[in-house]
Each structure stands twice: as C-alpha cells, then as structure tokens.
Amino acid sequence: MTAAQIEIQLIACVVAVACALPGCFLILRRMAMMSDAISHSILVGIAVGFFVIRDLNSPILVLSAALTGVVTVSLVELLTRTKRVREDAAIGLIFPALFSIGVILISRYAGDVHLDVDAVLLGELAFAPFNRLSVLGRDIGPKGFYLMAGILLLNLLFIAIFYKELKLATFDAGLAGALGFSPAVIHYALMTIVSITAVGAFDAVGSVLVVALMIAPPATAYLITDSLSSLLAISSLIGVICAISGYWAAHALDASIAGSMATMTGIIFIATFLAAPDRGLAAIFLRRARQRIEFAQTMLLVHLYNHEGLPGVERENHMDHLHEHLRWRPDFAGRVVGDAERKGSISRDGVLLSLTERGREKARQAMVG
Amino acid sequence: MDILGFVANLVSDYTLRQVAIGSAALGIVNGVLGSFAVLRKQSLLGDGISHAALPGIALAFLLTGSKSSLALLLGAAAAGWIGTLLIIGIVRHTRVKYDSALGLVLSVFFGFGLVLLTYIQKMPVATQAGLDKFLFGQAATLLRKDVMTIGILGGIVLVFLVLFWKEFKLVSFDPDFAFSLGYPVRLLDILLTTLLVVSIVIGLQTVGVVLMSAMVVAPAAAARQWTDRLGVMVAVSGLFGALAGVGGALVSSQAARIPTGPTIVLCASAIVFLSLLLAPNRGLAWGWVREQVNRRQLQTDAVLGDLYVLAMQHREPGHGHTIEVLRTMAHGHGGVDRSLRVLKERGLVKESGAKEWSLTPRGMEEARRLSRQWRQTP
C-alpha cells in the first residue's frame, strides 16, 4: 500500500463514521430523506459561497453550505405548514429546485475551475491526498482528512453531550417537550450537524453517496440491535468496513471509489437482511419452520390425549390415521411423530401411538393455556 | 432572440422541434402519473425510481453494447422496477421504515450505477461517450427515434391509465374500500407503480436521473392547488408538465452551457410557486386577502359593538363618545378610524359637532342584531 492509498482509506473511514452517527438519528426519526434533500441543496451554498469569496478551500464555504442545509429544512417545514402540500411532496419540491440552481450556476459560470458537475456527483476521494495541509512549512497530511476528522469530532461531541436529550426527543418527542427539552431546538441542532457533515462528506464522496453513508449503515445496524448506543457503534463499524472494502473494490475495477463504497453498504445491508441473527429472513424462515413443527406436535399430543382410553383408540391413535384426522401429509406426520418421540412425549408401539406421562402433562397444559 | 424569431425558429428548426415535442410528451406523461404519486403520498418514490434506473442504463449498455434508446430504457425500467420492489420488500419484511428504505435503495443503486459508469468510461471502446448525459439530461441529444420511443411508451402508459381510470382512482383514495369491493388492490398498486416507472424512465435522457423526481412531483403539486377533482387535476398537471418540459428544454438548447434537467426543474418550480401563491381558493395570496377582509369586518363590527355597550351605559341614546374611548376599548386592535368611516358611510353612526360619535337609530338596530348573533354563536 502506498501512502496515498492509506490516506484515502483513512479519509474514507472518517467520512463513513462521521456520516453514520447522525444517520442513526435520521432513520429513527423517520427523516432519512431529509439527508437526501440537504446533501443536494448544499450545492447552492457552495456555488454562491464560491462566487463571493472565490476560494474553494475556505472554511466560509463550509459554513455557507451548511447554512443552506438548515435553510432547506426550514423551507420544507414552511411549505408543509401552509398545508397546501404534504411533507414528502414539500421535500420533493424544495431540494430539486435548489439543486438545479446550484448546477446551473456552476456549469454556466464556474467554467473550468475545479468545481464541476461531475465532482458534485462523484466526489474526489481519489484526489484528496493531493491537497495537503502544512503547518509551519511541514507537510502534516491531506487537508480533507483534517476537515473530516474535525467534523467527526464535532459529531461525537454533539452526541456525547446531548445523548440523553437526543434519545428522549427521538423516541418520545411529546415527553421531551413536557420535560422542557424543546424538540424543535434539538431538531434544528441535529439538522445543523447533518448539514455540516454533508458538506464535509460532499467533497469526498459527492451528494448522492452522502445519503448512502448516512442511511445504509444505520439501517443495517437497525436490523441487528435494539439499543441506541450499540446502533451508533455498529453502524460506525459497518461504515468503516464499507469504506475499506469499497476502496479495494474500486481499486480492482478502476471505478469510482464513492460509488463502490455505496455499493458495499448495499451489499452489507442485503447480507444482514438475509442473515441477521434475529430479524434476518433466514432466521425468520427457520423460526417459522420450527414453530410449525412445535404447533403440530401440540396438536398431536392433544389428539392422542382426547382419544386415550376411549373405544376406537386403536384406530384413532394409529400412525396412518393422522393423515385423515389432522390432514397431515404422511412425510410431515412422520417428522412430527419422530420429533415428539425424541422429546419423550410419546411412545410408539409399531404403528400405534400412545402418550408418555410427560406427553400427557404437556397436552393438559396446552388445553388449559 | 425575440419571441417571434424564436417561434419561427421552432417551426423551421428540425432539431428544436424534436426537442420541444419530446419534452412536451414526457412532461404530459409525468404530470399525469405524478398526480397519482402525489395523492398516494409517494412523492419521493420517483426520486428512488429515477436514481435506481442508473445501473440499469449502464448494465444495458454493457450487455448489448448499443446506445439505442430502447435498450437503455428497458434496462432503466427494469432497474427502476427492481428498486421499487426492493423498497416495498424491505418495508414489508424488516422494521426499516419507508423513508430509510427509499434513501437506501436510491443511494445504493445510484452508487452502483456510478461504479458501472466510471468502469465503462475507462473501457477501451470508443462508443461509450454520452452515457453521462443521463445524469443531468441533455435535450439537445434527442433524436427522432428517441422522440418516437417517448411518444409510444408514453402513449401506452396513458392508454392503461384511461382503461383502469376508475380502479386507479379508487385505489388511490380508499384502498380499503377497493379491497372490500373485491378489487385486486395489490395488483393495481403494482400496475400503477409500473406505469410510474415507465413514465419516469422515458424522461431520463432529457431531464437526467438526478432531477427526474421533480418532474413527477412539481406539476402534480401545482395542479393540486387549482382543483379538488382528480380528472381536472390530472389534465392540468399534464399541461403544467408539458409547459415546464418545453420551456426548460428550449431555454437550455438556446444558450450555451445550461444543462437541460435543471432548467426544466426550475420552470416546473416556478409553476409551483405561482400556483401556491395565486391559485383561486387554495392560493396563499387569496388566503391573505381573505384574512384582511375578515379582519376589517371584525374590527368594524367590534367598534359598532363598543358604541352599543357605551349607549347602554348612558341614559340618552344620542350621547357622544370620543374616538379615544373607542380606541381604548379596541384593546390596540386598530382600525378604529377606518371602522368609524365605514360605519358612517353605511349610516350606522353619526359624528356630533365636538368630534364625538354615537349610534344612529339604524346603527342601534344593527348592533342589537349583531349582539344577538354573537350570543348565539358559541
């Protein structure tokens, strides 16, 4: 690995974690699409800021862009509050308009400065190591890394300090309001954080992929855990995995790094969706299959119990009768009987089934409960 | 360029005409389908579909090696459709919510599309150029056969819509009722979504995947302001879509370095803005005017009421009261001078010599009627 490769991966990891942290709150608050809106409309802020100060590396640019993000959120709220359109339509109206203004400004007036429309979509992670930061004449690393590390630190501090407030406002906004934590203030603080993060990440991975890094890792972690703190931790970890594996996939294909990071987040989500320990499709499928057998077994025990000691028991509790009486296919009946036998609930004398004491007890319980 | 010259150009210039017809067609189809999307609270689904279409375009190119619009459109539609089904599947089978599922599918598909696009760009084939026009759209590249494709596919979508009009209407407004009547709601849902996918896909070359969602939402949201009837809304929305499409495409093809997609979107946004402001009944401007009129009416009534209260407290009905008294009684709500002027014109109050005001007999009558009315309204 060359130094540049290590630097790119480092930046990618920092971006991924910085995005995943506020993303957790976005998905919990059902505001995932707000990240889409913000990450697009900050382009206007960047474009206008650029025309005013003529310097792409100025921190004022980050501020003006972040401000645009917050303005977008309030515009969406303003439009929703007129009650003329619903919130989803308001989002779908505001950000394309702002983004369009940004794209037109850039492609018409920015000409050949290195702010171009492709960079908006793709980011320029591969070039990040070329833009160095030097202190007192000494090169201390790529600028992008320090910017994103700063934003990551800000996000960490914000979440650490306001953890309780964020948690409360996210899960029970009404209670938070009643206790005196204004949900509106927390909402806007979070939106500011999302905007700042989007601006920083925008430079590295482009506008659409900011959304992937903010939504996909938390959504994946959401399939695994029930606690907010582990949601934050797991989604950060997933972010890092996506960043590194995405980088190498892009390296192998000679394709967009940001795009392949986003693809990785999708692959990991699908894998988790299929194989998550408790909520994955596979786990659900296995659980259903097991429950089906268990339920059938209970039915069998009750059936045997009902006919026990009555006339005709030889016929009713006959192996082949289950097919007729319980409408089970012979192979299924065989599996259920075999399983019940293994568990010691029934005993089998040739084709005649009878309950053990334990089976009788279970059948009684099933009929009472 | 002056407008006449522009129109003359439109008639004579072949390319320009193609562009205008193509963008009008896609504007109409998306406006119409967008009405249903907006009413069904699926405004942002268009965003998901259009972004999800990108890898389909790239894969279609990789597989067929052709840039024929039909092949690319098929790829786009397939990918958009798969993306939509994934969103629905994720929402149904996990506890991930709709917005997260949408954002996830949208960005991951788009990311994958970018991987494929950058991969294609580095392939040693010369024919790959031009796929990136699908990002922001380029109306100027619309050829006759592209316009034909848009027209035919759009036509098919509209025919389906007419055939299933009643069913779609029912499913959009009251799916539970539709289900209870025995309609295959799930199937109709998928059919309507499929039509939306097709209508979005035919706009991708002109508007681009990034902004196509606005063509779904904006005309419909604008049309919604003008009417409360579905049929009218769909027609108006189609008209708005066509206006935005043609306007944007023509402006961008006239000037250098103005991408088409954003221009069309800005035209559509302008239509939305004007509609929100000026549409009769729902327009915000009329709402403001109504509010002013009501406020003045209430102020006037209040002054009349105050004079009545004062008259009740004095023995002779003609006893005059200064304007200061009335101002105090208005609790700073203002408009006392104007109200007195209006009341005087209506002959309900009179001004005595010493700038003092009192009710006329008719004013007394009116004030009694008002106070009865106020007492009755809870």
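Start by selecting helix 15 of chain B (residues 284–312), which in this predicted model lies across strand 1, strand 2 and strand 3 of chain B and runs at about 85° to strand 3. Helices (H or I, at least four residues) and strands (E, at least two) are DSSP runs numbered from the N terminus; axes are lines fitted to C-alpha atoms, for helices over the stretch in contact, with angles from 0 to 180 degrees between N-to-C directions.

Residues count from 1 along each chain as its sequence is written, and chains are lettered from A in the order written. Local features need pLDDT of at least 70 and side-chain atom pairs 80 or more, while totals for chains, interfaces and linings use all residues.

Next, colour the three strands: they form an open antiparallel sheet in the order 1-3-2. Strand 1 (321–322) and strand 2 (349–351) of chain B are at the edges with a single partner strand each, so one side of each has no neighbour in the sheet. Now zoom in on strand 2 and strand 3 (residues 356–359) of chain B, an antiparallel pair over three bridges (pairing takes at least two DSSP bridges). Here B:Lys350 has B:Ser358 of strand 3 as its bridge partner.

Then show both chains: 52 residues of chain A are in contact with 48 of chain B (C-beta atoms, placed from the backbone, within 7 Å). Helix 4 (87–110) of chain A is among the helices supplying at least two residues to that side, and helix 4 gives the most, 14 residues.

Conventions
Contact = placed C-beta atoms within 7 Å.
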